[in-house]
Amino acid sequence: MRVSLIQIDVNPDEPGQVRRERVAALVRAERGADLVVLPELWPVGAFAFDEFAASAEPLDGPTATAMSAAARDAGVWLHAGSVVERGTDGSGAEALYNTSLLFAPDGTLRRAYRKIHRFGFDKGEATLMAAGHEIVTEDLGPATVGLATCYDLRFPEQFRLLVDAGAELLVVPAGWPARRRAHWSLLARARAVESQAYVLACGTAGTHAGVEQAGYSVIVDPWGEVVAEAGPAEQVLSADLDPARVATTRADFPVLRDRVLGLPTP
Ligand SMILES: NC(=O)CCC(=O)C(=O)O
């Protein structure tokens, strides 16, 4: 199974429509891959909080439309990273979500995942966006993917639920800052080891809203070994994966079988 992670440089001087067209061309160039992955909030920048509202779009907005066409033209599954989604909350009030979009090779939007853990504590994304509540997986044929976004990487309980739902490839688009790059690399490997699954962690490059991005997108195998790692700049990171290794790793070293569910709380 061929996967390509496109680590996009989010440059605030590049107009949104220009970036969409540029990224669509990069996706089309990955014809032959099975799965292409883009980072978190690449149309606006994960830390460009002041621009979230203005850049918000519905699930059939300009980014989704461009990415649907690119997936279809390339004939690939496309995890198009995330967009600021303009949606509604449970009461029908308008709300923004950090929503990842997964397109099938025919261009249909197959899954939308609203980020569960919002970053920023009491500011930024955590106050501007509403939280998702749904664990999302999708069977791509060669493997089942489980979706998480950036800060979710710090919450192993979400990854347990993804594994329970059948995930073999954990796809994590991100806009991770350079100053916490060590956490990014460590957590990507930790989630792979504990899940005995591939982790495809795709970040951004460049600096936006004064926040230097880490880059260093990484593909980790079910044993926790790094299969491929990007540098700090814009880059396409590709690798051939063997999804059967998930089952063999879990069978040969069956730690997931030894989980004790329902441990008593202190
Ligand atoms: N966009 C994010 O979720 C940033 C997460 C982050 O910076 C961190 O977990 O550290």
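Let me start with Glu40, which places a polar side-chain atom 3.0 Å from a nitrogen atom of the ligand, a polar contact being a pair of N or O atoms within 3.5 Å. On the oxygen side, a polar side-chain atom of Lys115 lies 2.8 Å from an oxygen atom of the ligand, and for Arg154 the distance from such an atom to a ligand oxygen is 2.7 Å. Of the 290 Å² of accessible area that the ligand has on its own, the protein covers 99%, with areas taken from the Shrake-Rupley method with a 1.4 Å probe.

Please keep in mind that this is a predicted model, in which local features need pLDDT of at least 70 and side-chain atom pairs count only at pLDDT 80 or more, while totals for chains, interfaces and linings use all residues. Residues are numbered from 1 along each chain, and side-chain values use heavy atoms, without hydrogens or water.

Terms used
Polar contact = N/O pair within 3.5 Å; in protein donor to acceptor, adjacent residues only side chain to side chain.
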